[in-house]
Amino acid sequence: MTLQRADLAPLSEYAIETHGLTKKFGSFTAVDHVDLAVRRGEIYGFLGPNGAGKSTVIRMLCTLLIPTEGTARVDGYDVVYHAGEVRERIGLVSEKMIMYPRLTALENLMFFGSLYGIDRAALRRKSEELLEMVKLTPFKDKLVGGFSSGMRQRVNVIRAVLHDPDILFLDEPTTGLDPQSTRFVRDLVKDLKQRGHTIVLTTHIMEEADELSDRICIIDHGKVMTIDTPQALKDKYKTNSLLDIFLELTGRELRDSANAHISLRSPMGRT
Amino acid sequence: MAKASAWAVAVGIARRDLLDLWRAKMLLFFFILMPLLLMTMFGFIYPPVPKSNPSTGNIGTAFSNLPVALVQMDDGQTANSVAAQFIQISAQQGLFKISEIASYPAARDQIVEGNIKGIIIIPQSFSDAIAAGQPATIQVTVDETNPTIASVVQSEISAVFGIIGSDMSTQSINNISGGKVNPAFIIQPISITKIPLITGVSSSFQFLAPGFMALTVITGSLQGVASAISREREQGTMDGLLASPIPHVSIILGKVAAQTVRGLIQGFLILGLSMLLFGVQIYGSPIIMFIVMVLGTASFVGVGIIMTAVAPDQETAQMMTMLLQFPMMFISGILFPIDQLPGWLQYIGKALPLYYAADALRKVIILNASLAAIMPDVLILIVYTFLTMTVAIPLFDKAMRR
């Protein structure tokens with residue numbers, strides 16, 4: 001099926017809108033007709049078991065993957081036909097750290113910031129201000145390769161907001177972090193929301209989703225299972241545990257499957 | 001928001017790549033060591049050969065004091081005198097280290113054991129034949145398990161006996177003519193004198209060095225681009241580049257620029273070392289050399305990108321570049337003349353840009369060729385660059401968003 005050319009939408013109340021968004025890898029359907037509507041300024045918890053299709057959706061929204069079917073608009077711009085405009089408006093924290101280990105924290109920020117055409121002096125000011133915010137000023141001239149995973153993730157998150165993106169994608173930002181760093185990153189996410197960023201957050205930690213999200217979307221097998229506020233979900237399923245709701249919707253069996261399609265970007269890939 | 005210019009971004013990406021190499025000290029060490037080692041090896045495989053000079057009886061050789069055995073089966077006076085002359089000339093010019101062995105089988109055993117490289121047999125009838133005014137024969141066996149040494153030993157033995165033979169002829173002619181004719185006119189009425197293509201070039205390595213330089217630079221950048229892109233993909237940083245509003249061609253240009261700089265550094269290291277150690281000289285313009293090297297690199301980068309786009313991971317990309325790189329050494333006229341190859345292999349060799357880059361570089365460095373003289377090579381490299389890039393850029397775009 002061919003993609004219909006999407007018109008430039010007027011600014012809508014939605015930061016992200018998808019209609020029938022689908023991605024197939026060969027015969028495997030990773031994302032199956034997903035309709036999403038993320039409101040401006042909200043934290044949108046995007047949950048699902050491993051292989052449910054979360055990262056694939058995010059990669060399509062970030063213009064890193066071309067949808068097989070359906071449309072997606074980010075800040076009103078079509079991800080296929082106006083990829084350039086979309087890219088100017090988004091920030092991405094993906095499963096893998098987007099950082100060069102042999103550059104210092106400041107150099108990494110300066111490098112990635114320069115891709116957005118920010119004037120050098122302003123970029124430097126902004127980088128130092130953000131480093132101060134994540135308490136890494138004393139380490140700004142140290143190579144990122146020597147950082148702990150918590151420190152790296154703090155740099156990785158501020159790297160994604162250097163250019164003040166309207167929309168921020170955080171793909172499992174607290175995975176593998178110690179409790180202190182987890183707390184810090186969660187507070188950082190709240191802080192970023194305060195600053196007006198719309199945030200799409202994926203996580204496997206239900207308490208995190210519960211604490212941070214304004215609304216939650218649970219997907220499985222590439223399909224949307226439910227979308228609602230955490231409280232409404234709890235009321236509906238008459239439980240206080242988001243984990244129970246999650247298991248109720250996605251089943252309790254383990255997700256062991258082996259696809260012939262091996263993604264280079266899967267966290268299993270060699271680094 | 002101001003847009004970053006495609007060029008500025010490409011320069012930024014190139015700078016970062018080079019900074020990365022500079023900071024990876026061990027990688028940097030091997031990056032420098034590799035061409036140095038390669039060049040030293042090649043330099044010693046093709047050592048400078050002093051010139052032979054037939055008029056002074058000087059025999060040029062790359063090898064000295066090769067061990068050979070002399071088996072003398074004739075006790076006659078002439079045989080003894082010829083043997084003595086052979087030993088004397090060999091010793092004078094440092095050609096052979098001669099041991100006298102009583103029988104041929106014993107000498108042959110010495111070859112098998114690897115102690116000697118050749119056997120010179122003066123057969124029983126030698127003195128008698130000369131006395132009777134008949135041409136006499138010397139028999140030679142060489143260690144054919146090493147073709148290079150074997151051919152050197154054989155030709156040097158011939159050269160030495162050539163000198164001894166001419167002396168004998170001179171004597172005979174003088175005896176017959178009573179000094180009325182110039183013996184040289186009868187022995188060799190026509191002689192050949194070589195006017196070197198480039199005066200003062202004594203090293204055959206001079207002709208090989210430009211090819212090695214092209215080979216190292218080009219294969220280095222081919223592999224470099226392929227592994228740089230696939231590494232960034234696996235490491236995740238490529239997502240950071242692709243999700244930002246920069247044109248993808250900037251990523252390619254940046255990677256290419258970084259690899260070209262790396263290639264040039266290695267190329268000039270090689271050149272410097274060959275000048276220092278092996279007396280290679282540059283006769284041409286460094287600017288034209290630079291142009292050829294940049295074009296040579298550019299012509300291969302597209303191929304590198306295509307391979308990266310097709311390969312699922314870094315390891316596969318590396319294997320693919322190796323597969324291209326290895327045969328290229330042999331079929332692009334760098335180690336062996338391309339004319340030596342069967343026709344179909346020549347076509348493959350000539351379909352690869354390395355052949356033209358090496359050819360142009362050789363002409364510039366050795367023959368001081370002008371840009372006009374190497375224009376066919378240059379044009380082919382430019383066309384190659386454009387063609388491969390035309391395929392590579394959209395393919396890269398597509399592959400990165402698979």
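First, a note on terms: helices (H or I, at least four residues) and strands (E, at least two) are DSSP runs, numbered from the N terminus. Axes are lines fitted to C-alpha atoms, for helices over the stretch in contact, and angles run from 0 to 180 degrees between N-to-C directions.

This is a predicted model, where local features need pLDDT of at least 70, side-chain atom pairs count only at pLDDT 80 or more, and totals for chains, interfaces and linings use all residues. Residues are numbered from 1 along each chain as its sequence is written, while chains are lettered from A and ligands numbered from 1 in the order in which they are written.

**Helix pair in chain B.** I checked α8 (residues 205-235) and α12 (residues 314-331) of chain B: their axes come within 9 Å and cross at roughly 170 degrees. That makes α8(B) roughly antiparallel to α12(B) (the label is for angles over 145 degrees).

**Chain A against chain B.** I found 28 residues of chain A in contact with 26 residues of chain B (contact: C-beta atoms, placed from the backbone, within 7 Å). On chain A's side, α2 (83-89), β6 (90-93) and α3 (105-114) each supply at least two residues.

**Helix α9 of chain A.** Which residues are buried in α9 (residues 242-250) of chain A? They are Leu242(A), Ile245(A) and Phe246(A) (buried: 20 or more other C-beta atoms within 10 Å of the residue's own, all placed from the backbone). What covers them includes β3 (43-47) and α7 (206-212) of chain A. Gly251(A) follows α9(A), and its phi is positive, near 85 degrees.

Definitions and conventions:
Parallel < 35°, antiparallel > 145°, perpendicular 65-115°, else oblique. Contact = placed C-beta atoms within 7 Å. Buried ≥ 20, exposed ≤ 12 C-beta atoms within 10 Å, placed from the backbone.
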